[in-house]
Amino acid sequence: MPDTRLSACEQACRQFVEQAAITDVAHDIHHIERVVTVAKKIAQVEGAELAVIVPAAWLHDCVSLPKNHPDRAKASTMAADKAIGFLSEIGYSSSYFDAIHHAIRAHSFSANVAPDTLEAKIVQDADRLDALGAIGIARCLQVSGALGRTLYSLDDPFCEHREPDDSAFSVDHFYRKLFHIANTLHTDAARKEGKLREQSMHAFLDQLAEEIE
């Protein structure tokens with residue numbers, strides 16, 4: 001696809017998501033922009049199809065429900081359907097629709113859909129990387145604050161003698177989910193970056209331990 005057409009698609013997608021009603025504080029336009037940037041970088045390394053990657057990354061959260069919403073697992077399918085409707089309206093090539101729909105649907109943890117294309121794997125990798133590192137820490141605390149979770153357990157802050165309970169404690173989410181993400185990434189570039197970001201999260205917890213103990 002010519003660069004000019006892809007650039008026009010990006011501009012239209014940006015306007016579309018900026019107008020969408022985002023109800024999850026961690027999935028705002030800034031999150032989407034970061035995912036797009038990382039997905040493009042990985043795509044260039046992996047030789048993936050940008051005509052799929054770019055709209056899928058821009059529109060992957062065009063429907064986003066709060067973490068505690070009963071329909072959370074359906075959100076990525078709803079986003080995929082909405083994205084294809086929008087792309088059809090702006091005259092985007094329908095030859096990419098199936099691949100874009102799958103990439104959006106498969107990006108979500110909650111949906112539990114395995115990505116079966118390189119493009120879907122890259123969009124999922126880019127989205128999951130945004131849950132790691134400094135930005136991952138900030139987003140975790142942002143969501144936890146919105147849900148009213150306590151920062152850590154007074155009895156066992158770092159889950160040394162109990163199972164993590166991230167419905168109650170923010171720090172528990174590191175052990176329940178975030179520290180497992182790097183091992184789920186598909187591309188070499190994402191796995192390398194994921195491990196670096198994970199190290200910074202361990203450093204944060206080490207510093208937190210010093211301050212509270």
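How exposed is E33: buried, partly exposed or exposed? E33 is partly exposed, with a relative accessible area of 26%. Here buried means under 20% relative accessible area, exposed means over 50%, and partly exposed lies in between (1.4 Å probe, protein chains only).

A word on the model before we go on. This is a predicted model, in which local features need pLDDT of at least 70 and side-chain atom pairs count only at pLDDT 80 or more, while totals for chains, interfaces and linings use all residues. Residues are numbered from 1 along each chain as its sequence is written, and side-chain values use heavy atoms, with hydrogens and water left out.

## Salt bridges

Side chains of opposite charge can pair when their charged atoms come close. A salt bridge is counted when a side-chain nitrogen of Lys or Arg lies within 4 Å of a carboxyl oxygen of Asp or Glu. The whole structure holds nine salt bridges. The table shows some of them.

| Pair | Closest N to O distance |
|---|---|
| K40 and E10 | 2.9 Å |
| D172 and R162 | 2.6 Å |

Let's start with K40 and E10, which form a salt bridge. K40 sits in helix α2 (residues 29-46) and E10 in helix α1 (residues 3-19), so this pair ties together parts that are 30 residues apart in sequence. Helices are DSSP runs (H or I, at least four residues), numbered from the N terminus. K40 is partly exposed at 26% relative accessible area, whereas E10 is buried at 18%.

R14 belongs to helix α1 and E33 to helix α2, so the pair joins parts that are 19 residues apart in sequence. R14 is partly exposed, with a relative accessible area of 30%.

D172 lies in helix α8 and R162 in the loop between α7 and α8, so the pair ties together parts that are 10 residues apart in sequence. D172 is buried, with a relative accessible area of 0%, while R162 is partly exposed at 23%.

## The loop between α7 and α8

This loop, between α7 (133-147) and α8 (172-176), is also the place of E160. E160 is exposed, at 61% relative accessibility. With D206, E210, E211 and E213, E160 forms a negative surface patch. Such a patch is made of residues with over 30% relative accessible area and no salt bridge, like charges being joined within 9 Å.

C159 is found in the loop between α7 and α8 too. C159 is buried, with a relative accessible area of 13%, and has a positive phi of about 55° although it is not a glycine.

## Cysteines

How many disulfides does the structure hold? The structure holds zero disulfides, a disulfide being a pair of cysteine sulfur atoms within 2.5 Å. The sulfur of C9 has its closest cysteine sulfur in C13, at 3.8 Å, which is too far for a bond. C9 is buried, with a relative accessible area of 3%. C140 is in no disulfide either, as the nearest cysteine sulfur, that of C159, is 12 Å away. C140 is buried at 7% relative accessibility.

Technical notes
Patch = residues over 30% accessible without salt bridge, like charges linked within 9 Å, V, L, I, M, F, W, Y side chains within 5 Å. Areas by Shrake-Rupley, 256 points an atom, 1.4 Å probe, with all protein chains shown as cover. Lys, Arg positive; Asp, Glu negative; His and termini not counted. Charge placed at Lys NZ, Arg CZ, Asp CG, Glu CD. Helix = DSSP H or I, 4+ residues; strand = E, 2+ residues; numbered from the N terminus.
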